Amino acid sequence: MHIAKRMKTLGTETAFEVLVRARALEAKGKDIIHLEIGEPDFDTPGFIRSAGKKALDDGFTHYGPAPGLPELRKAIAEHMSSRLGVDFNQDQVVVTPGGKPIMFFVILACVDEGDEVIYPNPGFPIYESVINFVGAKPIPMPLREANEFRVDVRELERLITPKTRMLIINTPGNPTGGILTKEDTKKIAELAVKHDLIVLSDEIYSRILYDGFEHVSITTFPGMLERTIILDGFSKTFAMTGWRLGFGIMPEELVPKVAQLQINSNSCTASFVQIAGANALTGPQKEVDEMVKEFTRRRDAIVDGLNGIPGFHCHRPLGAFYVFPNITGTGKTSRALADHLLDQAGVACLSGTAFGAYGEGYLRFSYANSIENIGKALERIRRSIA
Ligand code: PLP
């Protein structure tokens, strides 16, 4: 069959490929510990599941408006206004099946062929993939271990040219767990205003924070509301990856364009899922806090464990549920070590290069797995490295 040329420019997310390889090994009887996929192992809180079931019985089984059901758009605007300290209204919200379509839609809607887009590297692979797909030029913004995987603002300034249309930031970040401080974010906002950049601010992990660190959205700084799209969602915060529910908050003039892309692809997000989401935001938040507490324990276990393995050095991240250890001391490339750990040790993880060229020398482990499995994985890695 003929495959269109444009498909050559589209990338992918290696996590899903590694998952398939790991499952194939399991089918052959091998015991694998899964530290590759970025999803909480917890069940969706019971009250959210009940709200979804009730919504099905109440008839939320039909098409809804493309930008989302009014009850969810209102709940999102209110929740995000109070959480971020910014005044959003529901007309700025577009609900999508997961947060990912916001990346796709916003880049399609705002970036022309030949424009430059600056994006974090190592970073979520779909940014670079979609930038290439629309014929724009991806400009990697290196996140370095020496700088705790934060943006080096002076380096960022040097990357901006008259062709730069958009800047993508992600805090806390996948794959490093690194954060942007309030001061970093303020300086980035000043650059965005000075150079008239659109900012796609991926804040999907912004409730998964440790050691008292507080998230500051770039939308809180002067001149940012009119140029920023916040990407957020329910997958990580409420352990709802399979429900497919996310959203963007954006300048009102962009909403009809993103809604039009939705009409051309998904039509709308599943109605009963949206009702469950509204309940997630307005209901008790106790279980989110409990998940974060458990993630803190796991973060410490995996960071301490990896730092005890010869050849590994692991920064202690302040957010998300990933660690990104430096493995250059093992003498292996990231890809070779990731393959070795899967095939020989039965530990599935991702090569740092799955997140861009600046990920060479690192592996990504997701610690969204039980503390027992993390302990077992560490022991297996230690033995196989020895
Ligand atoms: N942004 C980042 C940085 C992510 O890591 C992910 C998922 O892994 C997403 C967005 C999209 O998540 P979803 O589409 O499940 O909401």
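In the predicted model, the side chains of K194 and E157 meet in a salt bridge, with an N to O distance of 3.3 Å. K194 is exposed, at a relative accessible area of 59%, and E157 is partly exposed, at 33% relative accessibility. Elsewhere, salt bridges that share partners join D211, R299, D300, D304 and R316 into one network.

Helix 7 also contributes to a second pairing. R150 forms a salt bridge with D184, in which the closest N and O atoms are 2.8 Å apart. D184 lies in helix 7 (residues 182-194), whereas R150 is located in the loop between strand 4 (137-142) and helix 6 (153-159); the partners are 34 residues apart and connect distant parts of the chain. Both partners are buried: R150 has a relative accessible area of 19%, and D184 has a relative accessibility of 5%. The value for R150 falls within the buried class because that class comprises residues under 20% relative accessible area.

A further salt bridge is formed between the side chains of R83 and D232, at 3.0 Å from N to O. Here the partners are 149 residues apart, with R83 in helix 3 (residues 70-84) and D232 in strand 7 (residues 228-233), and the pair again links distant parts of the chain. R83 is partly exposed, at 27% relative accessibility, whereas D232 is buried, with a relative accessible area of 3%. In total, the model contains 25 salt bridges.

Terms used:
Residues are numbered from 1 along each chain as its sequence is written. This is a predicted model: local features need pLDDT of at least 70, side-chain atom pairs count only at pLDDT 80 or more; totals for chains, interfaces and linings use all residues. Side-chain values use heavy atoms; hydrogens and water are left out. A salt bridge is a side-chain nitrogen of Lys or Arg within 4 Å of a carboxyl oxygen of Asp or Glu. Helices (H or I, at least four residues) and strands (E, at least two) are DSSP runs, numbered from the N terminus. Buried means under 20% relative accessible area, exposed over 50%, partly exposed in between (1.4 Å probe, protein chains only).
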